[in-house]
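Time to open the notebook and go through this one piece by piece. I'll jot down what I look up as I go.

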Amino acid sequence: MIRIGQALLIAGLGLAGFVASDWPQETARAQEVATNQVATGSTWQGASFPVENFQAYTSAFGYRQSPSGYSQEFHHGLDLAAPEGSYIRSWWNGTVVEVSDDSACGTSVVVQSGEWEHIYCHMQGHVETANGGRYLVDREGGIQMREGQQLAAGTRLGRVGMTGRTTGPHLHWGMKYSGQWVDPALVLRAMYAQQRAGHSVSSRPN
Ligand SMILES: [Zn+2]
């Protein structure tokens with residue numbers, strides 16, 4: 001892996017300042033660890049935005065009003081609205097470690113990339129068991145994915161649906177670093193910062 005440049009390090013430090021403001025302590029620590037990892041250990045040039053036909057961020061990571069309106073709940077991910085049927089892409093190279101269709105997350109997949117786990121919820125299709133393996137199957141979308149399968153960054157792994165607890169078509173995108181939830185928006189900001197930096201270098205006149 002290529003070591004990242006100074007631009008991302010600065011962006012990473014900026015993120016550390018951002019998360020320190022009003023997060024609960026434990027979350028802030030996890031965010032800080034992940035942010036340091038973003039700043040020192042990785043290059044995100046090859047990382048993929050996780051959904052096609054993206055429309056809007058509809059719910060951020062963190063505390064929010066519960067759907068009943070009477071209590072607060074913690075939203076462990078970032079919601080990205082996109083039309084039903086839009087393809088979802090693996091954020092990073094990794095291994096499919098879990099496919100599921102029986103929780104509030106709906107038809108979902110967990111991909112592991114080193115210390116990172118990325119989770120995709122509310123997709124179309126369902127889980128099937130065959131030949132001793134567990135598969136996520138979305139025939140109409142041409143998706144068949146086995147637990148244990150390797151994925152390249154940007155691989156289409158499912159389609160936006162309405163399975164699980166959801167009121168509209170969107171991708172719920174969750175992220176963990178070393179088992180701790182992390183705000184996916186931090187990773188997106190680091191990706192953008194690095195891609196901007198990369199662009200300014202490559203567009204420098206000769
Ligand atoms: Zn969500």
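How many helices and strands does the chain have? I count three helices and 15 strands, where helices (H or I, at least four residues) and strands (E, at least two) are DSSP runs numbered from the N terminus.

Ground rules before I go on. This is a predicted model, so I keep in mind that local features need pLDDT of at least 70, side-chain atom pairs count only at pLDDT 80 or more, and totals for chains, interfaces and linings use all residues. Residues are numbered from 1 along each chain as its sequence is written.

**Entry: whole chain.** I looked up burial and found that buried residues make up 36% of the 206 residues. A residue is buried if 20 or more other C-beta atoms lie within 10 Å of its own, exposed if 12 or fewer, and partly exposed in between, with C-beta atoms placed from the backbone. Next came contacts (two residues whose C-beta atoms, placed from the backbone, lie within 7 Å). Of the contacts with a separation of 6 or more, 67% are between residues 24 or more positions apart.

**Entry: strand β8.** I went to β8, residues 116–123, and seven of its eight residues are buried. Which strands pair with it, I wondered, knowing that two strands pair if DSSP finds at least two bridges between them? Strand β7 (residues 107–113) runs antiparallel to β8 and is joined to it by six bridges. Gln 112 stands opposite Glu 117 there. The β7 and β8 hairpin has two residues between the strands, and Gly 114 takes a positive phi near 60°. β8 also pairs with β14 (residues 170–177), antiparallel, over six bridges, and here Tyr 120 sits opposite Trp 173.

**Entry: the cores.** A nonpolar core is a set of buried Ala, Val, Leu, Ile, Met, Phe, Trp, Tyr and Cys residues joined through C-beta atoms within 7 Å. The largest one has 24 residues, and those with the most contacts inside it are Ile 88, Val 109, Tyr 120, Met 145, Leu 157 and Leu 171. I checked who supplies it: β4, β6, β7, β8, β11 and β14 each give at least two residues. The largest share, four residues, comes from β8.

I then picked Leu 157.

Entry: I found an open sheet of three strands in the order β9-β10-β11, paired antiparallel. β9 and β11 stand at the edges with a single partner strand each, so one side of each has no neighbour in the sheet. β9 (residues 126–130) and β10 (residues 133–138) are joined by five bridges. Glu 128 has Tyr 135 as its bridge partner, and Val 127 stands opposite Leu 136. In this hairpin, with two residues between the strands, Asn 131 takes a positive phi near 50°.

**Entry: Glu 84.** Is Glu 84 buried or partly exposed? I get partly exposed, because it has 14 C-beta neighbours inside 10 Å. Glu 84 lies in the loop between β4 (78–81) and β5 (87–89). Val 160 is 76 residues away in sequence, yet the two C-alpha atoms are 5.1 Å apart. Beyond its neighbours within four places, Glu 84 is in contact with Val 160, Gly 161, Met 162 and Pro 169.

How values were computed
Pairing = 2+ DSSP bridges.
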